[in-house]
Amino acid sequence: MDAGQWLYSRRRPPGIWVAVWEDLLAGLAHDGDRALLLLAGARWLREHREHGAWPTLWRSLVAEPKTLLPGLDRRSILRFGLGWLDGHAHREGWGRVWATLFEAAGSDAPYLDRPALAARGRAWLERDLNHSEWTRVWHAVFEHRGPNDTVLADLAVEWLLAHEDDEGWARVWQTLLNTSTPGPDRGRLVSWGRTWLTGRERMGTWTAVVDQLLDAGIRDVPFLETVSAWIAKHPERREFAVASKLLRVASARCPCDEVAAWLAAWLEVHADQTTVDEVQRLLAQLAWDGLDRSRWGPGWRAVLAREGERRSAEDSIWSVISAACEEDRVMVGKAVEVVKGGLTVDLGVPAFMPASQIDRGVIHDREPFLG
């Protein structure tokens, strides 16, 4: 109550006012109190168009699921944001407001003209190349207009040249690469990605570029050795997808032995985790494809030995299951996962139990049976 009275006094510094307003909004559940608070927020927006917190508070009102008050609904709030875009293109938060309106346009808000918003976003991109929200707007406009808009593609290249140390670089580069056609331009993008990797191993998007280059068919030994060394040095990142692709293209010239050893050791420690299935499938494919990898290093020997033991144990379990089937014996297993239509039961190998077989009637809530 004291905080509410403080807000309604409207004689406080705007920045502090917004912080108190946000805290109250997060904590209020009663519809009546909440509606009054939202009304106070709308009033603040009308009086503080130039304040830096305007986009944040506006987006909070847009996200409100219920009708606020008569004359203060989501439609009116969206229109208010549309009007704010004019004259505030230089302001921090312009991109977030534009993106919210662009996402809402269409079936959610048919009164918003999506092509007109796309044109406005495109014009903003040309004059605000260094804005912190540039990549967000560019991706939305590029997705809307398609790769045939050569001006947008040129803007992206210009941005990439100036922002190679930005975390968003990888995603813009990846989008251009995915939409490019085979030819010199695509080749230059692939080479640019290779060059970009050098010295940027600490960046969170480093492996995203590596993943894309592997998909693009890069297979030379220096590249594979660099990726293998990085994965071995950063096991805590658990880049299973990249490791999987790397091992699929490993060769006697570049066996990526440390990565194989890492995955084999990880499986030993995390034998009960869901991710095991994905890793296990990869290693099983590699262990039984007829290629002799036993001379590739201790990492591969560990993988091959583990897969041999696993297959032997699985064959033994199937013998037990077959004998139980022939003798009509009951087997005891452990329910380990709820799946569509029933449970997965561990008998040494995964077995499916239909929901209709759990009890005398169909069991809809199967969670209590886990374990």
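**Aromatic pairs and a helix contact**

Trp54, Trp58, Phe80 and Trp84 form one aromatic cluster. The model is predicted, so local features need pLDDT of at least 70 and side-chain atom pairs count only at pLDDT 80 or more, while totals for chains, interfaces and linings use all residues. Residues are numbered from 1 along each chain as its sequence is written, and side-chain values use heavy atoms, with hydrogens and water left out.

**Aromatic rings**
- The whole structure holds 15 aromatic pairs (rings of Phe, Tyr and Trp, the last by its six-membered ring, with centres within 6.5 Å; planes under 30 degrees apart are stacked, over 60 edge-to-face and the rest tilted).
- Trp169 and Trp196 are stacked, because their ring centres lie 4.9 Å apart and their planes are at 0°.
- Trp169 belongs to helix α10 (residues 169-179) and Trp196 to helix α11 (residues 184-197), so this pair ties together parts 27 residues apart in sequence; helices are DSSP runs of H or I with at least four residues, numbered from the N terminus.
- Trp169 is buried, at 0% relative accessible area, and Trp196 is buried at 1% (buried means under 20%, with a 1.4 Å probe and protein chains only).

**Charges over rings**
- The charged end of Arg46 sits over the ring of Phe80, 5.4 Å from its centre (CZ of Arg or NZ of Lys within 6 Å of the ring centre and within 35 degrees of the ring normal).
- The charged end of Arg311 likewise sits over the ring of Trp288, 4.0 Å from its centre.

**Helix contact**
- In contact with α12, residues of α10 include Trp169, Trp173 and Leu177, and those of α12 include Ala208 and Leu213 (heavy atoms within 4.5 Å).

Note on methods
Helices (H or I, at least four residues) and strands (E, at least two) are DSSP runs, numbered from the N terminus. Buried means under 20% relative accessible area, exposed over 50%, partly exposed in between (1.4 Å probe, protein chains only).
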